[in-house]
Amino acid sequence: MLSIKNLTASINGTPVLKGIDLDIKAGEIHAIMGPNGSGKSTLGKVLAGHPAYEVTGGEVLFEGRDLFSLAADERARAGLFMGFQHPIEVPGVSNSSFLRLAYNKKAEAEGRDELDPLEFDDFIHEKIKLVAMREEFLDRSLNEGFSGGEKKRNEILQMAVLEPKLAILDELDSGLDIDALRVLGDAVNRLQRADRALLIITHFPRILETIQPHHVHVLSGGRILKSAGKELALELEERGYDWVLEASAAGGAR
Amino acid sequence: MTSMVVGSNLLVDLLSGPRPAEWASLREAAEGRLEGRDLPTTKDEAWKYTDLKALAAIPFVAAPRATVDISAYLLPEMVGTRQVFVNGHHAPHASCASAVPAGVRFLPLSTASEACHALGTVKNGVTPELFEDLNSARFEDGAVILVPKNLKVALPLHLLFLTKADTPIAVFPRVLVVLEPGAELELVEEHHGEGTYLSCPVVEVRLGEGAILRHERVQRESPEAFHLGTLKAEVGRHGQYHSRTLSFGARFSRQHPWVRLAEGAEGTLDGLALLDDQQVADTHSFMHHAEPNAVSHQLHKCIVDGKARAIFNGQVRVAPGAQGTDAKQQSRNLLLSETARVDTKPQLEIYADDVKCSHGAAVGQLDPEELFYLESRGLNADDARNLLTYGFAADVLQRVPVASVRRALRQLVMARTQAASLGVLA
Ligand SMILES: Nc1ncnc2c1ncn2[C@@H]1O[C@H](COP(=O)(O)OP(=O)(O)OP(=O)(O)O)[C@@H](O)[C@H]1O
Ligand SMILES: [Mg+2]
């Protein structure tokens, strides 16, 4: 589904990603962990097409296509989704109108029928149940005045509406209370299918108990220093990152 | 009448016509002040960004009566509570006050002169602006609204000023609103027109103790029009005056809202202007905290495209002794082109020490992070820009309480921001 080869990228002339290799196949769940500032969000934004980041080298194929030949909106319509670590507030644009617009843009791109407001109403009511969101949030402006956790819930609602092939979820768990974490973890699991894939960026193993990854990667200093199975998450929780960094410096962590 | 000595042809022409008979002392006082005065120039500090040369070059004359089909302007909530004025003259057949509750007077000034001894008595202590005096000297008609003590009027009232100019004309809409203590009212004031004309409305508001007025002001003058409006509101103790001025039309518009807050009163002066081409929209507001513990809010937003220009000067005065004042002012401006221009300035004069005054001004383009967020959900760059521009304006519109007005303005804003094709009637 996604194949990243020796990806390097910088922001404002500062290199942040320094050679990332990663392969994600359909049906797989990957997790990326790593210290603050190591480049996790940068990787997500580069993949999603944020214009401020400059790709300086490497190659990324998404479903066999050169990802970087697509603009951000084209990537979204092709089935890539990023749940933001810090979702943006957009006053004046109602949440439900925005969701319908995004849905219809994607439907149009896929040659499916667009939904009129009434049809969308039925559709969205199923989706808000999935993420246990109260109806009033549909009428409010997009993310405006939402609490941190409410914004994250809204990100997963958008994911449920768009049903992406590949979802990159950047710190979904930060700011969520324990119940919300379980609800949204379950929702993400229910959206996962054999022809879809997930990339979970997190600092905490707890979310990985619900959304169980097949692979866990440690990203530090713009490189993936270690990759292993889901047990790595707990080991990191116990031992921190130093041992990975040291082993990597000694040339043995991989 | 009159041998006015004024330098500008505009004033000579406008004042050479007959003077309406009523309110002689108001008119004489205004004419007296106008004598020897001329149009302000860009050398006057308050007018330095707004050049009136184009206005002075047009030979405006007093407006003849005209008839206009008003069906397009009717609003369902207010079919029985409307007064319509065409070219400054009352249009009895277009008006309908059948649903106005008993006790409320909602009449043309021309039929209610005995009720209007208060006309011209809302005074802000400074010499009236020239355009206010022009109105006082020459207004033909207007509306008076009187709401008795403790009456809460359920239906909004609709004031519709239409101008139809085949040749350049000048109109002087006049409004007096008096709410006795404890009264409540919602008022929608609209200005629409066609052709080249000068409109100088003056609205006087007097609110008794605890009275509440919500005042929506819609300026959709013709693209060739000049609109120079004055609003003066005196708010009694614990009264509330909330106004929102929504400016879309006119080649040149200038608003002079002035609000005086007594003890514990609350005042809102919100504004939204959508400007394109060569339009100029200038707001010089004055929020006067005359007594303690009053609260004021001002949110002024402009979307400026083409070679248009927006000016905002927000004066806030906290009088000596007006302790416990809480005054907020925000000016937020969105520039959509390289040639658009905004000049915004707060002007705080604080003569008390226990006060909270906050102000902020922002002039900028759309936020790239917001654009990326929308694009990451599959909206193309143009759609994302249009949606954010719409949202910037809709943020103000969504607070308009009368549904049909809100809907009409949203549609207008959607069309103007190219967001209509997105089909997101929020
Ligand atoms: N606009 C920017 N200008 C300069 N440096 C930036 C910019 N954006 C990110 N960086 C830098 O890039 C590096 C990687 O940031 P990134 O947000 O990807 O980290 P992260 O791994 O997601 O961290 P966290 O765990 O705290 O979310 C950091 O050192 C950060 O300071
Ligand atoms: Mg991050």
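How far does a polar side-chain atom of A:T42 lie from an oxygen atom of ligand 1? The distance is 2.5 Å, in a model that is predicted rather than experimental.

## Basis of the description

Residues are numbered from 1 along each chain as its sequence is written, while chains are lettered from A and ligands numbered from 1 in the order in which they are written. In this predicted model local features need pLDDT of at least 70, side-chain atom pairs count only at pLDDT 80 or more, and totals for chains, interfaces and linings use all residues, with side-chain values resting on heavy atoms and leaving out hydrogens and water.

## Surroundings of ligand 1

Ligand 1 has 15 residues around it, of which A:G37, A:K40, A:S41, A:T42 and A:H203 come nearest (a residue is near if one of its heavy atoms lies within 4 Å). Besides the pair involving A:T42, an oxygen atom of the ligand is 2.7 Å from a side-chain N or O atom of A:K40, and an oxygen atom of the ligand is 2.8 Å from one of A:H203. Of the 640 Å² of accessible area that ligand 1 has on its own, the protein covers 62% (areas come from the Shrake-Rupley method with a 1.4 Å probe).

Helix α1 of chain A (residues 40–48) gives the largest share of this shell, three residues, where helices are DSSP runs of H or I with at least four residues and strands are runs of E with at least two.

## The sheet of chain A

Four strands of chain A form an open, antiparallel sheet in the order β2-β1-β4-β5 (strands pair if DSSP finds at least two bridges between them). The edge strands, each pairing on one side only, are β2 (14–24) and β5 (65–66). Two bridges join β4(A) (residues 53–62) to β5(A), and A:F62 has A:R65 as its bridge partner. Helix α1(A) packs on the sheet, touching β1 (2–11), β2 and β4 of chain A (contact means heavy atoms within 4.5 Å); its direction makes about 105 degrees with that of β1(A), the axes being lines fitted to C-alpha atoms, for helices over the stretch in contact, and the angles running from 0 to 180 degrees between N-to-C directions.

## The sheet of chain B

Chain B has an open sheet of 10 strands with mixed pairing, in the order β3-β2-β6-β9-β12-β14-β16-β18-β20-β22. Strands β3 (89–90) and β22 (355–364) of chain B each have a single partner strand, so one side of each is left without a neighbour in the sheet. Strands β12(B) (residues 212–220) and β14(B) (residues 240–247) pair in the parallel sense over eight bridges, with B:V218 opposite B:L246.

Terms used:
Polar contact = N/O pair within 3.5 Å; in protein donor to acceptor, adjacent residues only side chain to side chain.
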